[in-house]
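Colleague: I would like a close look at a single part of this protein, taken slowly and with its surroundings in view.

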Amino acid sequence: MSAMNKKTVTEDAQEVFRAVALIELGARMQVLESELALSRERLIRLYREVRGVSPPKGMLPFSADWYMPWLPNIHASLFFNTYLFMKKEASCSHLDALTKGYRLYLEHCVRNDAEPVLDLTRAWTLVRFFEAEMLQLTPCCRCTGKFVAHKHDLQRGVVCGACQPPSRAGRTRKVAARAAAQAFTSVADENIGATPDDVPAQAA
Ligand SMILES: [Zn+2]
């Protein structure tokens, strides 16, 4: 806790802005507590101010299997590719890449008429699973997009969910799949040779 006291007023204000951005995007308390150097008490107060309600209690989603069915998988892949892009190409910190990558993910959903499937907490947990080396990105042999897979899954000759929606999906699910697939492949295309300047400007 002593490190917290050493923060300058500016640093403290920046930390508060980061917290507000995360809360606005739907972050849960566990996400805030592990990402920000602000006391739990202040985070709860911020949460109440921004959302008008107390933060929900309860455990975070835990299983990496959640990202495996085809629709969550396409969305997870879409988000994680934007996250990596912000981190590597736009040189964002982990936290900035999370918020900016997540905003970009939402924009891609809107642009392609896809209902967002991944909330911010799921997005954050996804990054944690990658850091824990439980997940990997696997190249699709049809669209060359990279999709989320378990760490030791096959790496060659595999097809992503966007290229191969389940044949028994109903009409609505097929429409959702097509929209998500469009968003995913547009990101896969953009990330090839894109520069950080091509990324739409984001509020800090
Ligand atoms: Zn594919």
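Which residues does UniProt place under the feature "binding site", and how are they set in the structure?

Modeller: The model is a predicted one, and the feature itself comes from a record: the UniProt entry, which is unreviewed, places "binding site" at C140, C143, C160 and C163. These four positions span 24 residues in sequence, yet no two of their C-alpha atoms are more than 8.4 Å apart, so they gather at one spot.

Two of the cysteines can be followed in detail. C140 lies in the loop between β1 (135-139) and β2, and C140 is buried, because 21 other C-beta atoms lie within 10 Å and the cut-off for burial is 20 or more. Leaving aside neighbours within four places in sequence, C140 is in contact with G145, F147, V158, V159, C160 and C163, two of which, C160 and C163, belong to the annotated set. C163, by contrast, sits in the loop between β2 and α8 and counts as partly exposed, with 17 C-beta neighbours inside 10 Å.

A180 touches L71, I74, H75, L78, A114 and A162, not counting residues up to four places away in sequence.

Conventions:
Residues are numbered from 1 along each chain as its sequence is written. This is a predicted model: local features need pLDDT of at least 70, side-chain atom pairs count only at pLDDT 80 or more; totals for chains, interfaces and linings use all residues. Two residues are in contact if their C-beta atoms, placed from the backbone, lie within 7 Å. UniProt positions are given in the numbering used here, feature names are shortened, and annotations may be inferred rather than shown by experiment. Helices (H or I, at least four residues) and strands (E, at least two) are DSSP runs, numbered from the N terminus. A residue is buried if 20 or more other C-beta atoms lie within 10 Å of its own, exposed if 12 or fewer, and partly exposed in between; C-beta atoms are placed from the backbone.
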